[in-house]
Amino acid sequence: RGAGARGGAGVHYWFSRAKMAAGDKMEMIPFREMLSACAADAAAQEHIVGVVADLLEWQCASNDEELGGRPTQVTVFHGHSPPKITVRAYLERIRDFGGCSPCCFVLALKYMDKLEVLDSAYRINSFNLHRTFLTATMVAAKFVDDFYFSNNYWAKVGGIANTELNGLEMELLFLLNFSLHMKREAYDSYIETLLRRQASLREAATVRRMASLKIVDTPSREHLRAVPAAM
């Protein structure tokens with residue numbers, strides 16, 4: 001991996017932000033300025049990894065509960081049993097060792113949304129989330145990052161065989177019809193949607209916690225008189 005795997009992240013999207021000059025020519029941006037802007041763009045998106053982790057964690061738990069702990073439909077992304085590693089820990093592992101840009105997490109989630117629209121069998125749950133997200137993130141990294149690791153390395157990061165990951169990659173690409181591009185405007189809008197979804201879920205969780213609290217009655221004067229005086 002080169003020095004720009006994270007810093008070079010967003011080059012693909014940064015160019016889509018460039019102003020168009022007269023005709024069809026794109027306004028030229030100095031190379032150093034472009035790299036600096038891309039690095040700043042990637043750094044500003046670091047927080048989105050936690051947002052994606054929150055949403056996947058909550059959605060997976062919700063779907064598991066709805067499915068009764070066992071999926072009724074199985075795809076190539078399903079394992080025989082849920083991995084022992086948690087959703088959040090798995091995403092953190094990909095973040096720490098995958099060397100990909102934060103935007104790859106966003107694109108991976110978007111690809112997973114597309115799969116669910118295609119067929120409800122791809123709804124995320126404990127059995128298919130890890131393989132689906134690993135594959136989608138790797139594909140996103142290859143599409144938008146300047147530098148990325150090999151499939152063999154990604155397989156080690158994800159804890160599956162390289163041959164299996166190769167097959168999952170091809171399956172995902174054909175399911176998406178190789179449609180991986182996302183305009184910057186759509187990308188920013190999607191992030192705003194994710195942030196609103198996260199805020200809504202957190203608010204709902206807070207309401208549930210508040211509802212579960214026991215209300216303690218205010219002690220009466222007679223009760224207070226019965227309390228022994230302090231020494």
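Author: Arginine 184 is buried, at 4% relative accessible area (buried is under 20%, exposed over 50%, partly exposed in between, with a 1.4 Å probe and protein chains only). This is a predicted model, in which local features need pLDDT of at least 70, side-chain atom pairs count only at pLDDT 80 or more, and totals for chains, interfaces and linings use all residues. Residues are numbered from 1 along each chain as its sequence is written, and side-chain values use heavy atoms, with hydrogens and water left out.

The partner of arginine 184 is aspartate 188, in a salt bridge with N and O 3.0 Å apart (a side-chain nitrogen of Lys or Arg within 4 Å of a carboxyl oxygen of Asp or Glu). Both sit in helix α9, residues 184-212, and because they are 4 residues apart, about one helical turn separates them. Helices here are DSSP runs of H or I, at least four residues long, numbered from the N terminus. Aspartate 188, at 25%, is partly exposed.

Glutamate 66 is exposed at 56%, while arginine 123 is partly exposed at 21%. Arginine 123 also bridges to glutamate 116, with the closest N and O atoms 4.0 Å apart; glutamate 116 is partly exposed at 34%.

Now the packing of helices. The axes of α3 (residues 48-67) and α5 (residues 102-118) come within 8 Å and cross at roughly 30 degrees. Axes are lines fitted to C-alpha atoms over the stretch in contact, and angles run from 0 to 180 degrees between N-to-C directions. The two helices are therefore roughly parallel (an angle under 35 degrees). Residues that meet include Val52 and Leu55 in α3 and Phe105 and Leu109 in α5, where contact means heavy atoms within 4.5 Å. By class, this contact has 10 nonpolar residues, no polar and no charged ones (Ala, Val, Leu, Ile, Met, Phe, Trp, Tyr, Cys and Pro are nonpolar; Asp, Glu, Lys and Arg charged; the others, Gly among them, polar).

Threonine 132 lies in helix α6 and is buried at 4%. Beyond its neighbours within four places in sequence, threonine 132 touches Phe77, Met112 and Leu115.

Terms used:
Angles under 35 degrees count as roughly parallel, over 145 as roughly antiparallel, 65 to 115 as roughly perpendicular and the rest as oblique.
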